[in-house]
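I opened my notebook to record what I looked up in this structure. The entries follow the order in which I checked things.

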Amino acid sequence: MKTGAMRSGERMKATYEFGPVDHLYRTEFSIWPEAIERWKGEGLPDDWQESNLFMYDPPGVFQTGLNLDWCEPPFMPQFEAKVLEVCGDHEIIQDTAGRHLKVFKGRRHGFMPDYLRHVVSNMAEWEAVAPRLDPSNDVRWDGLADRVLTQRRLTDEAGGILDQRLIGGYMYLRALIGPEDLLYMFYDQPEVIHALMQGWLNLMDA
């Protein structure tokens, strides 16, 4: 155990590296809205965030501000999120990755949707969507330098880490093609896989 107060970023790094800390780094985790509503019914106060009820440490990791996504392709522009059809207790929606999903009406969290359609099933569909991943699109870079400087200042103050997330190659393919169809496409249309991965490399490298 380390005595004396540590900055949140120092505490985070020491915790992950099994070094001496004044206390283990306590980070906020993603909580489904449905869980919060249930907890409120069981006594969670409305001001649980403002009062820092769970005693979270301040952030130790800061994002650069360049949105290269985590689970969906970093489209620019994104597809319009909209309801396509209402079917009793369910809705067919289009999400920002262009996928068609079947979800419970009025409830889109806390369960796995049915994936009905993805945006790429052949080379023509890839060529139609590829401009949304063009690294030369100036909108993608607007204000980035200022955002990075701000995030770097916050990182330095916390003694933390400046982080740039990017979607991994397989998750990128899965979000564009679908988990099952992707496995077939490796065999049936390897040229499409190659084209998609070249597009991924071009954007991530830029």
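**Entry 1: α5 and α6**

I began with helix α5 and helix α6, which covers residues 179-188. This is a predicted model, and I read the packing angle in it as about 105°, with the two axes 7 Å apart. Angles from 65 to 115 degrees count as roughly perpendicular, so I wrote down α5 and α6 as roughly perpendicular to each other. Next I listed who touches whom. On the α5 side I found Tyr170, Leu173, Arg174 and Ile177, and these meet Pro179, Asp181, Leu182, Leu183, Met185 and Phe186 of α6. I sorted the contact of α5 with α6 by class and got 8 nonpolar, no polar and 2 charged residues.

**Entry 2: α6 and α7**

I moved on to α6 and α7. Their axes come within 5 Å and cross at roughly 110°. That angle makes α6 roughly perpendicular to α7. From α6 I noted Leu182, Met185, Phe186, Tyr187 and Asp188, which meet Pro190, Val192 and Ile193 in α7. By class, I have 7 nonpolar, no polar and 1 charged residues for the contact of α6 with α7.

**Entry 3: α5 and α7**

How do α5 and α7 pack, and at what angle? I found about 120° between α5 and helix α7 (residues 190-205), with the axes 11 Å apart. The contact uses Gly169, Tyr172, Leu173, Leu176 and Ile177 from α5, and Ile193, Leu196, Met197, Gly199 and Trp200 from α7. I divided the residues of the contact of α5 with α7 into 8 nonpolar, 2 polar and no charged.

**Entry 4: the largest pocket**

I then turned to empty space. Rolling a probe the size of a water molecule over the atoms shows where such space is left. For the largest pocket I have a volume of about 340 Å³. I wrote out its lining as Trp32, Ile93, Leu101, Val103, Arg108, His109, Gly110, Phe111, Met112, Pro113 and Tyr115. By class, that lining has 8 nonpolar, 2 polar and 1 charged residues.

**Entry 5: the second largest pocket**

The second largest pocket has a volume of about 290 Å³. I listed Trp70, Cys71, Glu72, Asp95, Arg99, Met112, Tyr115, His118, Met171, Arg174, Ala175 and Pro179 as its lining. Which helix gives the most to this lining? I found that α5 (residues 169-177) does, with 3 residues. I sorted the lining of the second largest pocket into 7 nonpolar, 1 polar and 4 charged residues.

**Entry 6: two backbone details**

Most residues other than glycine have a negative phi, and most peptide bonds are trans. I found a cis peptide bond joining Met76 and Pro77, with omega at about 5°. Pro77 sits in the loop between β1 (61-63) and β2 (82-87). Is phi of Phe18 positive or negative? I read a positive value, near 60°, and Phe18 is a residue other than glycine. I located Phe18 in the loop between α1 (8-16) and α2 (33-41).

Terms used
Residues numbered from 1 in each chain as written. Predicted model: local features only at pLDDT ≥ 70, side-chain atom pairs only at ≥ 80, totals over all residues. Heavy atoms only, no water. 1 Å grid on protein atoms, 1.4 Å probe; cavity = no way out; pocket = protein on both sides within 12 Å on 5 of 7 lines; lining within 4 Å. Points joined across faces, edges and corners; volume = space filled by probe spheres on them. Nonpolar A, V, L, I, M, F, W, Y, C, P; charged D, E, K, R; others polar. Helix = DSSP H or I, 4+ residues; strand = E, 2+ residues; numbered from the N terminus. Axes fitted to C-alpha atoms, helices over the stretch in contact; angles between N-to-C directions. Contact = heavy atoms within 4.5 Å. Parallel < 35°, antiparallel > 145°, perpendicular 65-115°, else oblique.
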